[in-house]
Amino acid sequence: MSSHGEPIPMKSSRSGPLRGTAEVPGDKSISHRALILGALAVGETTITGLLEGQDVLDTAAAMRAFGAEVEKRGETWHVHGVGVGGFAEPDRVIDCGNSGTGVRLIMGAMATTPIAATFTGDASLAKRPMARVTDPLALFGARAYGRSGGRLPMTIRGAEAPVPVRYATPVPSAQVKSAVLLAGLGAPGETVVIEREATRDHSERMLAGFGAQVSTEVTDEGRVITLVGQPELRPQSLAVPRDPSSAAFPVCAALITEGSDVLVPNIGLNPTRAGLFETLREMGADLTYENEREEGGEPAADLRARFSPNMRGIEVPAERAASMIDEYPVLSVVAACAEGATHMPGVRELRVKESDRIDAMATGLRACGVSVEEGPDWWTVQGRGPGGVPGGAMVQSHLDHRIAMSFLVLGLAARAPVQVDDGGPIATSFPIFEPLMAGLGAEIVREA
Ligand code: S3P
């Protein structure tokens, strides 16, 4: 990945109709969890459809460092787990690369085992707040020694005699919730996490699948998730569904590129993840769900997206933010190509992702001739209408895959090409982005 290598400048140009089928890779959130829970089960878990992006490969390497056997044979990943409490102390630094999900979930998974581990990451991850995870982990008895402000590199010393925890998450974050639940596996008794707003629930679903006792109750306080600690997790045979957050890029590209008609098959539509598609339909997108079904207990469908010249800006409900938190960058690109203003409130969390995503998108969109207003937890994009974005700028991706892909999507419909200083981070989540988009007819190239 580029944070460990040379930047990869890329350019995207106005393209003819995008057509065909876009087979996007496995879900990143579910892939991390499959490896981590596989490593905590007793015996061999098999995983198909695992995302082989750098973020997930870094988590696979971390699980090996904690003593699990992880290998790919044919198309299947095999994880030989060591059981809850069975992690060995790593003899090297755990490098989580660009991945906030990887580092935060792994910190949780080791925090109630009496071992020490030192974590690091790339320049983007080293800027991101870790206290949101290490504060609740301290309640279990774990200790964290990091840089000022709770930044990586950081050593976690797991609790010698962990106690269960009752914790209300102060920010809407599935990473924080999941870190606490994973730590709760190693503590006796019941660990309880309370979240005011629903965030993605893949950890709860997968923990139950591995045989843990986990229940969710909706109360006036919010969602109260209770986990019984120290279970023996049973190995599973997992098929990872395709990633709705990756599907967002070919879908949005088709909506803004004249004449397009793209099918994106077999996308998970878990309601805690599908907010973007609802928003696009409210904006007037020609986006349909075909062949709706259930896959492994999750709703799924084939998405069909066609060029949509009549999209209008809307106010995106703040309470929908958690279900589309990773999709605001590409939504802002669609908003730039719609008529009228799109107002996006309640999105403070965007400022602490792989980059400050409001700042990164607003700066790049303005350079492309789009007006954007912003506040601490909101932003508003003034649409230029279909085909109305001037483009013609070089924008910075700030080591953020979703910023890079969003601007490359914008270039397909802008009047002049859009250049991105570094497309290398795309490999963290969507390593086949370039051939997939080229197969649809998108003009996205690497620059020498
Ligand atoms: C993720 C949770 C979200 C999301 C990230 C993946 C997860 O982060 O942005 O890409 O897999 O739990 P937060 O929990 O910080 O909102």
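Phe430 is buried, at a relative accessible area of 0%; buried means under 20%, exposed over 50% and partly exposed in between, with a 1.4 Å probe and protein chains only. This is a predicted model, where local features need pLDDT of at least 70, side-chain atom pairs count only at pLDDT 80 or more, and totals for chains, interfaces and linings use all residues. Residues are numbered from 1 along each chain as its sequence is written, and side-chain values use heavy atoms, with hydrogens and water left out.

Now the aromatic rings. There are three aromatic pairs in the structure. Rings of Phe, Tyr and Trp, the last by its six-membered ring, pair if their centres lie within 6.5 Å; planes under 30 degrees apart are stacked, over 60 edge-to-face, and the rest tilted. Phe249 and Phe433 have ring centres 6.4 Å apart and planes at 85°, so this pair is edge-to-face. Phe249 sits in helix H7, residues 244–256, and Phe433 in helix H12, residues 433–440, so the pair ties together parts 184 residues apart in sequence. Helices here are DSSP runs of H or I, at least four residues, numbered from the N terminus.

Are these two residues buried or exposed? Phe249 is buried at 1%, and Phe433 is buried at 0%. Phe433 also pairs edge-to-face with Phe430, at 5.5 Å centre to centre and 70° between the planes. Phe249, Phe430 and Phe433 form one aromatic cluster.

Last, a charge over a ring. Arg281 lies over the face of Tyr289, 4.0 Å from the ring centre; the criterion is NZ of Lys or CZ of Arg within 6 Å of the ring centre and within 35 degrees of the ring normal.

Note on methods
Helices (H or I, at least four residues) and strands (E, at least two) are DSSP runs, numbered from the N terminus.
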